[in-house]
Structures are given as structure tokens and as C-alpha cells.
Amino acid sequence: MALLELFARLSEKYNWRLSVAHFNHQLRGRSSNADERLVARTAKKLGLRFVRESADVQEYASERKLSVEMAARTLRHGFLARVAARLRIRTVALAHHADDQVELFFLRLLRGAGGEGLAGMKWQNPSPQNPRILLTRPLLAQSKTDLQNFAKELGVHFREDATNAQLDFQRNRIRHELLPLLAEKYQPALNRVILRQMDILGAEADCVTQIAKEWLSHPEAFEALPVAVQRRCLQIQGVEKGVLGHFDLIETLRQTPNRPIAVNDSLLVSRDASGILHAHTEAKPSFN
């Protein structure tokens with residue numbers, strides 16, 4: 001709601017044509033519906049086009065064996081990409097802020113992410129559902145406290161998601177338990193330090209990615225590459241072939257050329273001596 005207020009105030013100066021898109025995740029019953037009504041009323045008050053959609057995130061997650069958070073993200077981004085394409089909008093603004101970045105750092109750290117993952121969200125990147133649509137995050141350097149103060153000073157109405165206080169989600173435990181502990185006992189300037197670290201990791205990860213892409217355009221002497229670049233070369237090729245390789249898979253491929261490794265029941269991957277990744281489909285044997 002702070003982002004919407006900010007953009008509405010700037011739109012005339014920069015000749016922006018705004019639309020408001022709201023996705024109802026149906027996770028909090030009446031509260032979710034009240035969120036939607038607030039956004040609809042605000043869009044009408046500002047004279048902006050309002051587009052809505054809803055889906056049963058819980059059911060979608062259960063059917064596809066996903067976490068609720070991942071299911072919600074997939075459905076939400078799909079909705080935003082469809083709306084943007086239909087309305088011929090090329091940029092979607094999201095309201096992620098600095099506190100989101102810090103939480104994401106620890107969430108990914110505990111899952112064993114590499115430098116690219118630990119760098120967090122980017123200011124701009126293509127939509128995961130439609131690369132022709134650009135996602136931008138103009139509030140990424142602003143703290144949640146600053147945004148709350150902005151909303152309070154300007155009388156911006158917003159609603160607090162009650163599930164943000166529930167500790168059965170790992171992100172919430174990081175927010176309410178781990179981060180306050182680290183700030184109190186170890187580093188009072190925790191957010192500033194972590195955001196700086198994410199910036200450093202992001203720049204280094206971008207450098208490794210650039211070197212890997214240059215090597216892939218003229219592959220030679222794979223074994224002579226630095227280990228970090230070897231891993232990124234294999235990771236990039238894996239993504240292109242639809243293989244989302246975890247660290248153990250990438251490392252096995254890196255260390256053992258010409259050895260097929262099963263990704264699932266029907267897909268094998270291997271890399272040759274020159275560092276090129278190959279995917280092989282294998283028919284599942286019938287019962288004998």
C-alpha cells in the first residue's frame with residue numbers, strides 16, 4: 001500500500017499509467033477477502049484500473065507436493081505475468097523491502113544456497129513466468145520501519161497479515177526469533193552488515209556467471225577453470241536443459257566426466273571431458 005501511494009504521487013510527474021493487480025491466496029478466509037476489498041477501494045479512490053484473481057493455494061500446494069510459500073509464489077507470479085501480458089504492461093513493481101532481503105539471506109543460508117542465492121532479490125529481473133516482463137523492486141533499500149512511518153505520516157491504510165506472527169513457518173521463526181537474537185547478542189547493526197554482505201556476494205556471483213557464460217560460448221580446457229567457474233558452467237547448462245541441479249549433483253558431474261547420473265526415473269545427465277553437459281532420456285523398464 002505504501003508502494004501504491006508512492007507511485008500514485010509520482011505517476012503524473014513521470015507520465016506513468018498505473019494498474020493495480022491483486023492476487024487473493026485464500027489462505028486466511030475473511031481476512032484475505034478484507035485485504036482484497038481494501039486494495040479495490042484504494043484503487044477506485046485513486047482512479048486506477050483494478051484486476052483481481054484468486055486461487056486455493058493450499059490445494060495447489062497439496063496436489064503438487066510444494067510448500068505453501070512456493071505454491072503461493074508460483075500462482076502469484078503466474079497471475080502477474082498473465083495480467084501484464086494481457087494489458088500490454090512491460091513492468092511490474094513489487095514492494096519487497098530491506099527486511100525481506102535479510103530474512104531471505106538467512107532462509108537461503110540455512111538451505112545451503114551458494115553465492116548467487118545468498119545475494120538475494122535483484123532490483124530488476126525478468127518474470128519467472130514470462131521473460132519479456134520486467135519485475136522491479138523500488139523499495140529494496142527501505143526498511144519495514146521506514147515504510148510503516150511513511151504510511152502513518154501520510155495516512156495510508158494497510159492491513160497486517162496475521163500469519164506473519166505464526167512460528168510454524170521457517171521465515172517467521174527467522175524474523176521473530178533468530179534475527180532479534182543476533183541483533184541483541186552479536187551484531188546491533190545486523191541488517192546493515194547483512195545487506196552489505198549480500199551486495200558483495202552478488203557482485204562476485206555476477207562475475208563468476210559472466211566468466212562462465214564467456215567460456216560456454218567458446219568451451220575449452222574445462223579442467224583448467226577455477227572450481228567456482230566449473231560449477232557455474234554446469235549449473236547454467238543444467239538450467240537450460242531443465243535440470244535444477246543441487247550441489248551434490250553438480251559436484252559429482254564436475255569431478256567425474258562421462259559418468260551418467262540419474263536425475264529421476266527417466267532422465268540421466270553426464271558431462272564429457274570438455275565440460276559440456278548431456279541429458280539422456282531412458283525408457284522406464286517394464287515389469288518382467
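Which residue in E2 is the bridge partner of asparagine 24? It's serine 54. Keep in mind that this is a predicted model. That bridge sits in a pairing of strand E1 (residues 19-24) with strand E2 (residues 49-54), which run in the parallel sense. To get from E1 to E2, the chain goes through helix H2 (residues 30-46), and this β-α-β crossover is right-handed.

There's also an open sheet of three strands, ordered E3-E5-E4, with mixed pairing. Strand E3 (91-93) and strand E4 (124-126) stand at the edges; each has a single partner strand, so one side of each is left without a neighbour in the sheet. On average, neighbouring strands of this sheet are turned by 25° against each other, direction ignored. E3 pairs with strand E5 (residues 134-136) in the parallel sense, and here alanine 93 has threonine 136 in E5 as its bridge partner.

Here are two of the pairings side by side.

| Strand pair | Sense | Bridges |
|---|---|---|
| E1 and E2 | parallel | six bridges |
| E3 and E5 | parallel | three bridges |

Sorted by class, the lining of the second largest pocket has eight nonpolar residues, along with three polar and three charged ones.

Terms used:
Residues are numbered from 1 along each chain as its sequence is written. This is a predicted model: local features need pLDDT of at least 70, side-chain atom pairs count only at pLDDT 80 or more; totals for chains, interfaces and linings use all residues. Side-chain values use heavy atoms; hydrogens and water are left out. Two strands pair if DSSP finds at least two bridges between them. Helices (H or I, at least four residues) and strands (E, at least two) are DSSP runs, numbered from the N terminus. Axes are lines fitted to C-alpha atoms, for helices over the stretch in contact, and angles run from 0 to 180 degrees between N-to-C directions. A crossover is right-handed if, with the strands pointing away from the viewer, the path from the first strand over the helix to the second runs clockwise. Ala, Val, Leu, Ile, Met, Phe, Trp, Tyr, Cys and Pro count as nonpolar, Asp, Glu, Lys and Arg as charged, and the others, Gly among them, as polar.
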